[in-house]
Amino acid sequence: MTATGTGMYTPKPGAAPLPRMIAAQAALETKMLLRNGEQLLLTVVIPTLLLVLFSTVDIVDTGAGEAVDFLAPGILALAVMSTAFTGQAIATGFERRYGVLKRLASSPLPRWGLMTAKTLSVLVTEILQVILLTVIAFALGWSPQGNPVAVVLLLVLGTAAFSGLGLLMAGTLKAEATLAAANLVFLLLLVGGGVIVPLDKFPAGAQDVLGLLPIAALSDGLRDVLQHGAGMPWGDLGILAVWAVVGLAAAGKFFRWE
């Protein structure tokens, strides 16, 4: 509102500044995610249980050293996938089905602003996941090494790759199909993506194929840095960058709002 000469105020209609709209939508998306029991199970409970169980019970041969040193990087990668891909695909798919995206697309917030808000919500959730899992891993005796910058780059590119794939799935399939497909992919990549089971346990031919998956690149990259103290994992970063570009470009082209 604006003041007049007599001290009265007159309305000044108009949309809020774009950054404020994006921040408000991101906060709403984050609150909705954290209040959703199924999403919490997927993003917090399952990664935490897997980390604690496989670190304390000798179920899988993780090689020399403490099991938690092998498992913690893989569980961090799983947390990124669960939020940026599985959770986002399912939530966005049902928002699209119920017409939420269509209504939001007609609001003053532009479509790219809505996607930016969703991305910010994913990043906030991932930060909370990383903090929680790191604290638990330290309690289990984790001794990370390596360059923090490399870790951040891996997590950011992994988030971009999985976000693109999640939005592509949510924007092209029906909600029920997205729900089934996203959960199936989550389970398959959990087993075959180097998260818990080392890739060298698979046949040589399968290793070459599995190593090109985004979850394998993220798991192995984080493991090389945090467990072995390696430098910048350019190969894994390159694989994630390719998945990110392809996924986001395909999502931008084929995403349907209705």
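**Figure 1. F255, in the segment after α10.** F255 lies in the segment that follows helix α10 (234-254). The model is predicted, so local features need pLDDT of at least 70 and side-chain atom pairs count only at pLDDT 80 or more, whereas totals for chains, interfaces and linings use all residues. Residues are numbered from 1 along each chain as its sequence is written, and side-chain values use heavy atoms, with hydrogens and water left out. Helices (H or I, at least four residues) and strands (E, at least two) are DSSP runs, numbered from the N terminus. F255 counts as buried because its relative accessible area is 13%. Buried means under 20% relative accessible area, exposed means over 50%, and partly exposed lies in between (1.4 Å probe, protein chains only). Setting aside neighbours within four places in sequence, F255 is in contact with T92, L101, M115, L167, A170, G171 and A250; contact means heavy atoms within 4.5 Å. F255 and Y98 are 157 residues apart in sequence, and their C-alpha atoms are 16 Å apart in space.

**Figure 2. T30 and its partners.** T30 is part of helix α1, which spans residues 18-35. With a relative accessible area of 11%, T30 is buried. The side chains of T30 and S121 are joined by a polar contact of 3.2 Å. A polar contact is a pair of N or O atoms within 3.5 Å; within protein, one must be able to donate a hydrogen and the other to accept it, and residues adjacent in sequence count only if both atoms are side-chain atoms. Residues up to four places away in sequence aside, T30 touches S121, V124 and T125.

**Figure 3. T159 in helix α6.** Helix α6 covers residues 148-172, and T159 is found in it. T159 counts as buried because its relative accessibility is 4%. Beyond its neighbours within four places in sequence, T159 is in contact with V80, A84, V122, L123 and E126.

**Figure 4. F94 in helix α3.** F94 sits in helix α3, residues 67-97. Is F94 buried or partly exposed? F94 is partly exposed, because its relative accessible area is 21%. Apart from neighbours within four places in sequence, F94 is in contact with A175 and L179. F94 and E126 are 32 residues apart along the chain, and their C-alpha atoms are separated by 21 Å.

**Figure 5. A217 in helix α9.** A217 belongs to helix α9. Its relative accessibility is 0%, so A217 counts as buried. Not counting residues up to four places away in sequence, A217 touches G211, D236, I239 and L240. A217 and L240 are 23 residues apart in sequence, with C-alpha atoms 6.7 Å apart.

**Figure 6. Q227 in the loop between α9 and α10.** Q227 lies in the loop that links α9 (214-226) and α10. At a relative accessible area of 15%, Q227 is buried. Leaving out neighbours within four places in sequence, the contacts of Q227 are A64, D69, F70, Q145 and L222.

Figure 7. In an unreviewed UniProt entry, the annotation "transmembrane region" covers residues 40-60, 72-94, 120-143, 149-170, 177-199 and 237-255. UniProt positions are given in the numbering used here, feature names are shortened, and annotations may be inferred rather than shown by experiment. Residues 72-94 are 100% helix and 0% strand, and their end C-alpha atoms are 32 Å apart. Residues 149-170 are also 100% helix and 0% strand, with end C-alpha atoms 31 Å apart. Over residues 34-258 the chain is 76% helix and 0% strand.

**Figure 8. The chain as a setting for the close-ups.** The chain has ten helices and two strands, in the order β-β-α-α-α-α-α-α-α-α-α-α from the N terminus. Its C-alpha atoms fill a box of roughly 80 × 40 × 35 Å along the principal axes. Of the 258 residues in the chain, 45% are buried. Among contacts in the chain with a separation of 6 or more, 78% come from residues 24 or more positions apart.
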